[in-house]
Amino acid sequence: MAGIGGLGRQIVLSMVVATIASVLLTITGLYVFYGVVIRMAPHLLPMTQHWMPSQIEWMVILALCLAAAGITVIAALRLARRIVAPLVSVARSARRIADGDLEVRAEAGDRSLSEAAMLVDDFNLLAERLERASQAVMRWNASIAHELRTPVTILSGRLQGLADGVFQPDPPLLRSLVTQVEALTRLIEDLRTVSLFEGGRLDVRLQPLDLSEEVEAVVRLMQPGLEAAGFTVEADLAPCRCEVDPARIRQAIMALLENVKRHAHPARVLIRLKRDRDQIRIDVADRGPGLTPDFAPYAFEPFRRYMDHEGPLKGSGLGLAVVLAIAQAHGGTASYATVDGGACFSMVFPRRAGQARRAAPPVTPRGS
């Protein structure tokens with residue numbers, strides 16, 4: 001029975017056992033019948049030339065057939081229960097999920113039927129992913145509303161003040177409005193990047209370039225803001241010819257530096273770019289405080305901080321998710337490590353376009 005799965009094997013074995021038992025019962029029963037009758041009541045079997053069984057022989061054959069049918073029915077019912085039980089469990093669980101109970105799970109029962117057990121396991125996996133997706137949608141909706149509320153409220157209030165003549169349209173106020181609009185633009189772009197990546201539709205437009213020049217440009221752009229916040233910026237950029245999407249790489253580095261500005265202690269921040277054989281590595285290291293051991297494995301999940309922290313939070317909770325999405329879209333990954341008491345976030349990806357791959361659903365790194 002090579003190549004026959006657990007369910008097929010059980011059906012074959014049950015039918016073989018039932019058939020053999022029926023044949024053995026019939027043969028044994030007939031031997032016993034004729035042995036007893038010939039010894040005890042030979043007159044019941046008149047010696048004639050007719051080949052048709054006598055009435056009593058018909059009765060014995062019927063009784064043996066009924067007994068064999070009973071054995072087959074018992075074996076079939078036992079097998080049917082083992083097959084139907086997990087299917088009924090799956091059907092009931094599916095109805096409860098359709099009614100909104102996403103925590104219900106099916107039960108496999110007898111796992112010797114591998115196909116039925118596999119069906120139950122796959123159904124439970126589907127239910128678990130559906131539950132997580134539902135929770136993620138609620139979390140995303142709440143987090144997006146939280147992030148949009150602040151800049152929209154500020155813009156609405158100040159624009160209303162301008163319309164009512166409360167505020168004068170002086171340069172500081174206009175720059176403040178531009179800052180809020182830029183914050184909204186970055187949030188929308190981050191949301192778009194993460195959403196495209198999780199949907200497997202984040203494409204990268206690769207082109208050959210010296211990545212050190214792109215990184216240096218981003219550092220120069222972010223340096224005034226970092227220094228104003230008390231940071232000392234240090235760059236160690238080795239020349240690296242590679243094929244990347246410069247816009248996406250700039251977006252990722254800006255997200256890492258913005259993460260430092262918001263969460264790290266004002267101190268030295270190091271941006272390092274180096275080539276390791278056929279891979280490019282970008283490190284952004286600060287002087288702490290870093291991530292807690294419980295939170296570090298989930299740092300790259302969108303909006304994770306809103307579930308694990310209380311009190312006021314800085315930022316959208318999307319920056320590191322964007323970094324991971326862009327790194328994986330280039331065929332690499334992103335990771336976190338604690339170095340000299342500080343946080344070090346890294347991106348690693350191949351130099352060549354042939355090694356990069358189209359974006360796939362994210363794999364959350366489990367720390368370093």
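Reader: How many aromatic pairs are there by this rule?

Author: The count comes to two aromatic pairs; rings of Phe, Tyr and Trp (its six-membered ring) pair if their centres lie within 6.5 Å. Bear in mind that this is a predicted model, where local features need pLDDT of at least 70, side-chain atom pairs count only at pLDDT 80 or more, and totals for chains, interfaces and linings use all residues. Residues are numbered from 1 along each chain as its sequence is written, and side-chain values use heavy atoms, with hydrogens and water left out.

Reader: Why is the pair of F300 and F345 called edge-to-face?

Author: Planes under 30 degrees apart count as stacked, over 60 as edge-to-face and the rest as tilted. F300 and F345 have 75° between the planes, so edge-to-face is the label. Their centres are 6.3 Å apart.

Reader: And what makes the pair of Y336 and F345 tilted?

Author: Here there is 45° between the planes, so the pair falls in the remaining class, tilted. The centre-to-centre distance is 5.1 Å. Ring pairs link F300, Y336 and F345 into a cluster.

Reader: How do you know whether Y336 is buried or exposed?

Author: Buried means under 20% relative accessible area, exposed over 50%, partly exposed in between (1.4 Å probe, protein chains only). Y336 has 5%, so Y336 is buried. F345 comes out at 3%, so F345 is buried by that cut-off.
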